[in-house]
Amino acid sequence: MDSTAISLVRTTFKAVAAIEDGPARLTQSFYSVLFANNPEVRAFFPAAMEAQRERLVHAIAYVIDQLDDPEPVLLFLAQLGRDHRKYGVVDAHYTAVGNALIFALKNFAGNELWTDEVDNAWREAIALIASVMMEAANAETGPATWNGTVVEHKQVLQDVAVVRLQLDRPMEYGAGQYVSVTVPGRPRMWRYLSPAIPANPEGQIEFHVRRVSSGWVSPAMVGQTNLGDTWTMGSPLGALGVDRTQNRDMLMIGSGTGIAPLRAQLMEMAMRANNPNVHVFVGGNYPCDLYDIETLWQLSLTNPWLTVVPVSEEDTNPWWHLDPIPSPPAGMYKRMTGKVSAVAADFGDWSNHDVQIVGSASTIQTAKFRLQARGVPVENMRHDPLY
């Protein structure tokens, strides 16, 4: 796309986003039109659509932001295309989705904003998105989904569970990627989880799941999962991972269960002979939220390139957590107090490091802001768009 078309698409979307509840109203309109004109598509989605609408807005916003940097957006769209095979999507559905989105945007923007030039720009953008996704999906020869049998479910905190599964066939994914997951009690409700171990030929996979009190799926994963349950997973997504094209040391910042994709990478790196120096900051509200810190300490004891810095906002655990706070092995950093983004940013000079950030949207944005203020170029910082 040329710069004029990209500018028109961005301006239109920003105008919609600036209106109160604009993105939510846009997606409601989009799905209403899509389902009315293509009722068979409704079966792809859950009854409750709030999370799906939010995910759609995030995906559109990410693609629009990246339109003038084709490499990451094309990779992202190809991954989405392969992942969408789990729904049973065919080429005709992409046309239906494009028509519904154009209708919703035009109806929402009004005649003054929706000119012929804007219409053409959006049609060009949607054609690009659809063509990349379809091409990737049609070229894929692997399975559309994987089934995994729960072989271990351990609740490490009141609101966190570690779940191990045996896949029906090995899945090839890069350490640091994530997959969409649905569980028996919440059909068609897909949630993104990062494997906490590297891909392996035995087909074993592990997820760390935090219960979101207002969520539909995570409470079922944490509190209602039984051995023998079958979880279904889509194709791998995301672009985190050690960038071996850059000769840079690494800074990793993870909060809560966000440590999972970083943990998988560190485990994979431990199997290699040569690695960059890595500082990993592990954060949580309470010391007990650093539930997997001892695994990372063990990794650092045998891998001198790895430095682990535990951080918690509080010095003591809540009253209901009775286990003692673990002490670091000799030579390890003691737990520091504060917000993990602030502690990491103030810890040293990261201006020439490859930086990965995993956590909530607020954690990611705060960490990026603090690191930029300390001289870290924004192009050195990476996080996934949908995780």
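## Exercises around threonine 337

**Exercise 1.** Leaving aside neighbours within four places in sequence, which residues is threonine 337 in contact with?

*Solution.* Keep in mind that this is a predicted model. Step one: set aside the neighbours within four places in sequence; threonine 337 is then in contact with Ser312, Glu313, Asp315 and Val343. Step two: look at aspartate 315, whose side chain makes a polar contact with the side chain of threonine 337 at 2.5 Å. Step three: turn to valine 311, which is 26 residues from threonine 337 along the chain, with 5.6 Å between their C-alpha atoms.

**Exercise 2.** Describe the second largest pocket: which residues lie nearest its centre?

*Solution.* Step one: the space in this pocket is about 240 Å³. Step two: its lining has 15 residues, and Tyr291, Glu294, His321, Pro324 and Pro326 lie nearest the centre. Step three: β1 (146–157) and α9 (293–302) are the elements that give two or more residues to this lining. Step four: sort the lining residues, and you get 10 nonpolar, two polar and three charged.

**Exercise 3.** What share of residues 1–138 is helix?

*Solution.* Step one: the unreviewed UniProt entry annotates residues 1–138 as "domain: Globin". Step two: this span is 78% helix and 0% strand, and its end C-alpha atoms lie 23 Å apart.

Methods. Residues numbered from 1 in each chain as written. Predicted model: local features only at pLDDT ≥ 70, side-chain atom pairs only at ≥ 80, totals over all residues. Heavy atoms only, no water. UniProt positions renumbered as here; feature names shortened; annotations may be inferred. Helix = DSSP H or I, 4+ residues; strand = E, 2+ residues; numbered from the N terminus. Contact = heavy atoms within 4.5 Å. Polar contact = N/O pair within 3.5 Å; in protein donor to acceptor, adjacent residues only side chain to side chain. 1 Å grid on protein atoms, 1.4 Å probe; cavity = no way out; pocket = protein on both sides within 12 Å on 5 of 7 lines; lining within 4 Å. Points joined across faces, edges and corners; volume = space filled by probe spheres on them. Nonpolar A, V, L, I, M, F, W, Y, C, P; charged D, E, K, R; others polar.
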